[in-house]
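User: I've got a model loaded and I'd like to talk through a few of its features. Can we go step by step?

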Amino acid sequence: ILDEPTAVLTPQEVDQLFVTLRQMTDDGKGLIFISHKLHEVLALSDRISVLRQGRKTGEVPVEGATRESLARMMVGREVKLAPDKPPVETGQARLRIEGLTVLGDRGDEAVRGLNLEVRAGEILGIAGVSGNGQREMAETIGGLREPTSGSIFIDDVDVAGKTPLEIRQSGLSYVPEGRMKNGCIGEFTISENLLLVDHKDPRFVTRGLFNFGAIKEHSAQLVKEYAVKTPTLETTARSLSGGNIQKVILAREISGTPKVLLASQPTRGVDIGAAEYIHKRLVGQRDAGTAILVISEDLDEVFGLSDRIAVIYEGQIMGIVDPDTITREEIGLMMAGVSPEAAAG
């Protein structure tokens, strides 16, 4: 039984793993391969079973199955696997990272002299195998981790080493990797979680006291606008599905009209229907002129969302490429530390 065995592998390593797994089946072994990556399921399986809310909704032979048909079985409706991205004109660089070095939890350099910029009206995707400095980079941009050197500019303000509040006031919104650890408070209600960033906003506070009527109206509007499925506004966040918790976090962060939106693993652990909706909102925010940095270990997501892709390896950017011209194989080589020129050759 293999449960998401490719999460920390490059595409080339996945291919090698699949050769081994096929040899095992040729030798008479029976395998159960559990994955949310539809192209991998189609590439490896003989039969495919689809689960939805703990029940098997169908089983089909791999012959004739498609990503679209499997997604429909998973959600119960047609799903757009890649968001529509109308062309937009990009503006100035809203986020600039120069020479950023960050220590990891073990005291080693997780990010090493990293340089990057994200322009208004674009989504820059970060592609890389898990554990190559993505989490440390995101936490440093968000103010949760101190850099050892380097600068992080939002517009022309260097926010490196500043507090999360100061960085937010400079124009950053942050959808963190761990939604239950850093994104929301499980014991708080939906309304309380939607207010975490804006609890001092004059719209919701009068003479030092909360205006609960305004808070309820604001929360109800966001729940409706972001299609959050919740029994009431007083339901605790912990009671919701992963996809709906992520929608609450996204609603809170985008409603602040940020200059820069940092979304780290935005659809990890959510169902394909919620992922479709989250992708749509991210592209809509990009079209509104926000500079968006998306960090994801899902290559399909990176290709589907990004206007440009930056490949990270051992805390350094190997290169920035065009998703319309680069291949998955070339990206995979860069994720393993091969230079863009060598990967293309």
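User: Leaving out residues up to four places away in sequence, which residues does Ala93 touch?

Analyst: Quick caveats: this is a predicted model, where local features need pLDDT of at least 70 and side-chain atom pairs count only at pLDDT 80 or more, while totals for chains, interfaces and linings use all residues. Residues are numbered from 1 along each chain as its sequence is written, and side-chain values use heavy atoms, with hydrogens and water left out. Ala93 is in strand β5; strands are DSSP E runs of at least two residues and helices are H or I runs of at least four, numbered from the N terminus. With contact meaning heavy atoms within 4.5 Å, Ala93 touches Glu117, Val118 and Arg119.

User: How far apart in space are Ala93 and Asp156, C-alpha to C-alpha?

Analyst: In sequence, 63 residues separate Ala93 and Asp156. In space, the C-alpha to C-alpha distance is 9.5 Å.

User: In what order do the strands of the open four-stranded sheet run?

Analyst: Strands pair here if DSSP finds at least two bridges between them. β5 (residues 93-103) and β6 are antiparallel over seven bridges, and Val102 stands opposite Val111 in β6. The edge strands, each pairing on one side only, are β6 (109-119) and β9 (157-158). The sheet has antiparallel pairing, and its order is β6-β5-β8-β9.

User: What angle does the direction of helix α4 make with that of β5?

Analyst: Helix α4 (residues 134-141) packs on the sheet and touches β5, β6 and β8 (149-154). Axes are lines fitted to C-alpha atoms, for helices over the stretch in contact, and angles run from 0 to 180 degrees between N-to-C directions. For α4 and β5, that gives about 120°.

User: Which element gives the largest share of the lining of the second largest pocket?

Analyst: A pocket is an open set of points on a 1 Å grid over the protein atoms alone, where a 1.4 Å probe fits, with protein on both sides within 12 Å along at least five of seven lines; lining residues have an atom within 4 Å of a point. This one is lined by 27 residues, with Pro164, Leu165, Arg168, Leu172 and Val197 nearest its centre. Elements giving two or more residues are α5 (164-169), β10 (172-175), α6 (179-183) and α9 (242-254). The largest share, five residues, comes from α5.
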